[in-house]
Amino acid sequence: MPTINLRGAQKNYGVNSANAVSNLDLEIRDGEFMCLLGPSGCGKTTTLRMIAGLENLSGGEIRIGDRVVDSIFDGVFVPPEKREMGLVFQSYALWPHLTIERNTDFGLRLRKLPKAEREARVEKVMQALDIAKYRDRYPSQLSGGQQQRVALARMLAVNPGVLLLDEPLSNLDARLRLEMRAELKRLHKEFKTTIVFVTHDQWEAMTLATTIAVMNEGTLQQMGTPNDIYDRPANRFVAEFVGSPPINILSFDKNGTSDVAKEAEAYLSSRYPSLRGIGSVGIRPEALSYATRKEDVPQGSFSGKMVVTGILPTGGSWILELRSDSHTLFLTTHALPRLELGEKVRFFAPPEALHVFDKDGQRITE
Ligand code: ATP
């Protein structure tokens, strides 16, 4: 499958409405598992529908390889059925009056393939998705998860170059969702299909994607591997959207009055003069450590004094809640904390664990 390229893609649903998607540049390469990630209403589904050809662009263009498939400027619009993409939405819309085997075969019949080839393909995907044993049942006789597997099988049977999935696992319970994620990863490897997957669940995106595109308010915030997104968030929005428990953010400015904000300002202003004393620093909970004595804090660390206000066991690890007069921090530790509520401690983190953002929330650390 050639690369899919969105350039300056824009969608506006009405004369007086804001852009659902603005100036979006996205490159989806062959064999990629791309997750579009972002909060509700950020434009993920619109983007997927524009790629599928279910929405036309209000500006910009989409190319598949060298071929323009949507461009107002060129007056081109290639309809969905000519884009060779498979779509699976949240509701998986199986035909209730057809057996599982006939449902799986549905797309192939439409394409009028020879019977022997159809049968071979249906068998292969039914085996791969472990639904062959239900071949003679009807959709109403299957669980939600099994039905979702049939919906995927129906798509894979026609072997689309690109599979577009819109929150396809949202109706499943936690365990099934996990199983289906593993299944999707296996299928992606086996069928080498390009997948574009919409989700608002950062954990889902982190576990599945080869590339994540984080969106907010119709614009692309960052595109990168799951590690890039987690370890080098491009701005505060990405930093705060990805990670659980969420990243700690300490805002500071040169007129700050709280102890922690003053310490942050003093520490960061000397290292990052371009901040001019205003900005914020993000520290992931697992990157923070604590000490009860000042002399145990390693030289050069970013550090501050706080009070222990919560000790939350999470099964094998603990989350500590630390407070100062103005800030609350969460710290994850794998060693049983020998601390009392109300005890004073010093948190610390090495400089390389700090994500420093300017006053506009843009990353300035390497
Ligand atoms: P969710 O995760 O809730 O599905 P999303 O990120 O997929 O959200 P979209 O469905 O793409 O977001 O919607 C983006 C914006 O466009 C929203 O403000 C939404 O209200 C608006 N929108 C979506 N579809 C239409 C439509 N058919 N007509 C008018 N506005 C629409």
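User: At what angle do helix H2 and helix H3 pack?
Analyst: In this predicted model, local features need pLDDT of at least 70, side-chain atom pairs count only at pLDDT 80 or more, and totals for chains, interfaces and linings use all residues. Residues are numbered from 1 along each chain as its sequence is written. Helix H2 spans residues 100-110 and helix H3 spans residues 115-128 (helices, H or I, of at least four residues and strands, E, of at least two are DSSP runs, numbered from the N terminus). Their axes, lines fitted to C-alpha atoms over the stretch in contact, are 10 Å apart, and the angle (0 to 180 degrees between N-to-C directions) is about 125°.

User: How are H2 and H3 therefore oriented to each other?
Analyst: Angles under 35 degrees count as roughly parallel, over 145 as roughly antiparallel, 65 to 115 as roughly perpendicular and the rest as oblique. The angle between H2 and H3 is about 125°. The two helices are therefore oblique.

User: Which residues of H3 make the contact with H2?
Analyst: Residues are in contact if their C-beta atoms, placed from the backbone, lie within 7 Å. H2 contributes Glu101, Thr104, Asp105 and Leu108 to this contact. The H3 side consists of Arg118, Arg121, Val122, Val125 and Met126.

User: How do H3 and helix H4 lie relative to each other?
Analyst: Helix H4 covers residues 144-157, and its axis is 9 Å from that of H3. The two helices pack at an angle of about 140°. H3 and H4 are therefore oblique.

User: How many charged residues does the contact of H3 with H4 have?
Analyst: Arg121, Val122, Val125 and Met126 of H3 meet Ala153, Leu156 and Ala157 of H4. Ala, Val, Leu, Ile, Met, Phe, Trp, Tyr, Cys and Pro count as nonpolar, Asp, Glu, Lys and Arg as charged, and the others, Gly among them, as polar. By class, this contact has six nonpolar residues, no polar residues and, as for charged residues, one.

User: Is H4 roughly parallel or roughly antiparallel to helix H5?
Analyst: H4 and helix H5 (residues 174-191) have axes 11 Å apart and pack at an angle of about 15°. That angle makes the relation of H4 to H5 roughly parallel.

User: Which residues of H5 does H4 meet?
Analyst: On the H4 side stand Gly145, Gln148 and Leu156. The contact divides into five nonpolar, two polar and no charged residues. The partners in H5 are Leu176, Met180, Leu187 and Phe191.

User: In which loop does Asp130 lie?
Analyst: Asp130 has a phi near 60°, a positive value in a residue other than glycine. Most residues other than glycine have a negative phi. Asp130 belongs to the loop between H3 and H4.

User: What is the omega of the peptide bond from Ser244 to Pro245?
Analyst: Pro245 is placed in the loop between helix H8 (236-241) and strand E12 (248-252). The bond from Ser244 to Pro245 is cis, with omega near -5°.

User: Which charged residue belongs to the shell around the ligand?
Analyst: The shell has three nonpolar, seven polar and one charged residues.

User: Which element has the lowest mean pLDDT?
Analyst: The protein averages a pLDDT (the predictor's confidence in each residue, from 0 to 100) of 90, and 98% of the residues score at least 70. Strand E10 (residues 211-216) has the highest mean, 98. The lowest, 74, belongs to residues 85-88, strand E7.

Key. Contact = placed C-beta atoms within 7 Å.
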